[in-house]
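Work through the exercises below with the sequence and the model open side by side. Try each task before reading its solution.

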Amino acid sequence: MGVEVWVLLVTVAVLALLYSKWRHSYWASRGVPTLPVTPFLGHILKSVFAAREPWKLQEEIRNKFDDARMCGFYEFFKPTLLVWDTEILKHIFVKDFDHFADRRHFDMKTVHERDLVMMEMLSVVNGAQWKSLRAIMSPAFTSGKIKSMFHLVCDKADILVKISVKQAAQNPHVNMKKIFGRFTMDTIASCAFGIESNSLMDENAEFPRKAQAFFEMSTLRLAKFIAFGVVPRLFKALRVSINPPETDFFVDVVKHTVAAREAGKTRGDFLDLLLEARDSSDNPSSKHVLRQRSLIAQSVLFIIAGYETTASLLDFSSFLLAKHKNQQQRLRDEVQQLVEEHGRLNYQGIMEAKLLEACLQETLRLYPPAVFIERYCTKAYKLPGTDLTIRPGDIVQAPIWALHHDPRHWPDPEAFIPDRFLPENKSNINSFAHMPFGMGPRNCLAMRFALMEAKVALAKLLLGAELELAPGHEEMALDSQGGLLRSKGLNIKIKPIVAE
Ligand code: HEM
């Protein structure tokens, strides 16, 4: 190679490095601390690959930069701000929501046909489209609707207990993580679409197999997500989708169900509600908002959002109750008393069970299934109590894990103390230090449904069996992919309670 070529290469490299340095000076120039930055990549390596327990990285950062109340990051060149000051979070997520109603934006022109469905999901759309869609979908989760789903959830929970006890008779301990996943899949399929996914009865049924493959986040898939962030156009050009082929299975299932409903089979469930909303004359914009693809997208979203999160909550809570047998017995006593009062486990009893609610909230504090949430800034915004103005396009994240484990908000933060959430103690809680379902107008749409489902499953399980830690499974091994926290596999000893 001639000297001129070398000079040219070195000049380009130096200019590229200077450009990277300039882009990565965004936070420093605004007085916001950051961790050391890798040229071009920003902090992507640290947050995705380097941290052994990525969810704990939030705590390390908070401890390091505590006084600053926030820390800046770069996803390649994209500025992201992690904020743990609960007063500022209150403004971002609630008071000044009009600046932060969006989640991160994707360039629709760059995505593969398979991903178009995903881009129409409520959790992904933004602006006026999100607002109309949220208004259309919210009625699916009113108290009345949730109550009407109660018996369907009970049916599935009975099978859950039966299968767990049956497996316990054949094995020294049972893989509850798998069983809970099959339970939440059956429940959401039944409650939302009237589909029998048969996951509990037949582990090898197509539905659970596809679901498992869909949620498997292989290194290749993770790498694809990251590459999509850098060169989205390349994906379209090469006709590569960021979603696995199993997506098509769920889309097909929903398409067939929608077609059957349109042919006249109604059931009063979520899908009917969406179809009604679409056809409603008092809401002319619904027809436009709920085009066919959007209808399918919302249905597939329910399967995705409802499956793993709730299964993890059950997984984590059974582990904690197996570990803390005194709390387990206290909870069983509460549930048994409600059964005696009401004659059976009914909706009212489940809603009244204060310790049951407290145990689940404490589980969600210790092990939040979503370890962070984020918002996308749409209008320049000066953070209250600071001199910092963030620009449209910047992303703000709330570190749920770090907030839930912060000793300033939670005395003895690593201990399982359900009583923190009993009604008489609730006034001690800073609600922005406990947000497992997110916060503000864009929080989890189905929070009350998810809690009802988990309560029914846990209550029935405790009535039917005693939970004990299995030898070698005394500690919970955690894993997180794409911001979702899960156990690596929970094995529990199930000792059936024989009725006297
Ligand atoms: C324990 C179970 C669950 C947990 C911990 C959970 C947690 C969350 C979190 C943290 C968010 C983001 C909220 C925010 O950004 O402020 C969210 C959003 C959402 N969740 Fe859940 N979720 C659970 C169960 C469910 C279930 C069962 C469904 C549906 C059947 C569901 C549907 C949704 C939807 C549609 C959104 C997007 C809302 C929007 O963008 O307007 N979730 N969830």
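Helices (H or I, at least four residues) and strands (E, at least two) are DSSP runs, numbered from the N terminus. The model is predicted: local features need pLDDT of at least 70 and side-chain atom pairs count only at pLDDT 80 or more, while totals for chains, interfaces and linings use all residues. Residues are numbered from 1 along each chain as its sequence is written, and side-chain values use heavy atoms, with hydrogens and water left out.

**Exercise 1. The ligand shell**

Task: Find how many residues surround the ligand, and state which elements each supply at least two residues of the shell.

Solution. Step 1: a residue is near a molecule or strand if one of its heavy atoms lies within 4 Å of it. By that rule 26 residues surround the ligand, the closest being Arg103, Trp130, Arg134, Arg375 and Cys444.

Step 1: assign the shell to elements. Helix 6 (127–137), helix 15 (292–323) and strand 4 (373–376) each give at least two residues. Helix 15 has the largest share, with six residues.

Step 2: sort by class. Ala, Val, Leu, Ile, Met, Phe, Trp, Tyr, Cys and Pro count as nonpolar, Asp, Glu, Lys and Arg as charged, and the others, Gly among them, as polar. The shell then has 16 nonpolar, six polar and four charged residues.

Step 3: list polar contacts. Such a contact is a pair of N or O atoms within 3.5 Å; within protein, one must be able to donate a hydrogen and the other to accept it, and residues adjacent in sequence count only if both atoms are side-chain atoms. Arginine 375 places a polar side-chain atom 2.7 Å from a ligand oxygen. For arginine 442, a side-chain N or O atom is 2.9 Å from an oxygen atom of the ligand. Methionine 439 uses a polar backbone atom, 3.1 Å from a ligand oxygen.

**Exercise 2. Two helix pairs**

Task: Describe how helix 8 packs on helix 15, and how helix 7 packs on helix 20.

Solution. Step 1: two packed helices are described by the angle between their axes and the distance between the axes. Axes are lines fitted to C-alpha atoms, for helices over the stretch in contact, and angles run from 0 to 180 degrees between N-to-C directions.

Step 1: take helix 8 (residues 176–193) and helix 15. Their axes lie 8 Å apart at an angle of about 145 degrees. The crossing is right-handed; a crossing is left-handed if the near helix is turned anticlockwise from the far one by less than a right angle, and right-handed if clockwise.

Step 2: read the contacts, meaning heavy atoms within 4.5 Å.

Step 3: repeat for helix 7 (residues 143–170) and helix 20 (residues 447–464). The axes come within 8 Å and cross at roughly 35 degrees, again in a right-handed crossing. Among the residues that meet are Ile146, Phe150 and Val153 of helix 7, with Phe449, Met452 and Val456 of helix 20. This contact has 13 nonpolar, three polar and four charged residues.

**Exercise 3. Helix 4**

Task: Identify the residue that caps the N-terminal end of helix 4, and the residues of helix 4 that are buried.

Solution. Step 1: the cap is aspartate 85, with a side-chain oxygen 2.9 Å from the backbone nitrogen of glutamate 87.

Step 1: buried means under 20% relative accessible area, exposed over 50%, and partly exposed in between (1.4 Å probe, protein chains only). In helix 4 (residues 86–95) the buried residues are Thr86, Ile88, Leu89, His91, Ile92 and Phe93.

Step 2: the buried residues pack against several elements, including strand 1 (70–75), strand 2 (78–83) and helix 19 (400–404).

**Exercise 4. Loop residues**

Task: Is tryptophan 410 buried or exposed, and what does its side chain approach?

Solution. Step 1: tryptophan 410 is in the loop between helix 19 and helix 20. Tryptophan 410 is buried because its relative accessibility is 2%.

Step 1: residues touched by tryptophan 410 include Arg365, His405, Phe421 and Ile429. A polar atom of its side chain lies 3.2 Å from the backbone oxygen of leucine 403.

Step 2: compare glycine 31, in the loop between helix 1 (3–23) and helix 2 (44–50). Glycine 31 is exposed, because its relative accessible area is 64%.

Note on methods:
Lists of a residue's contacts leave out its neighbours within four places in sequence.
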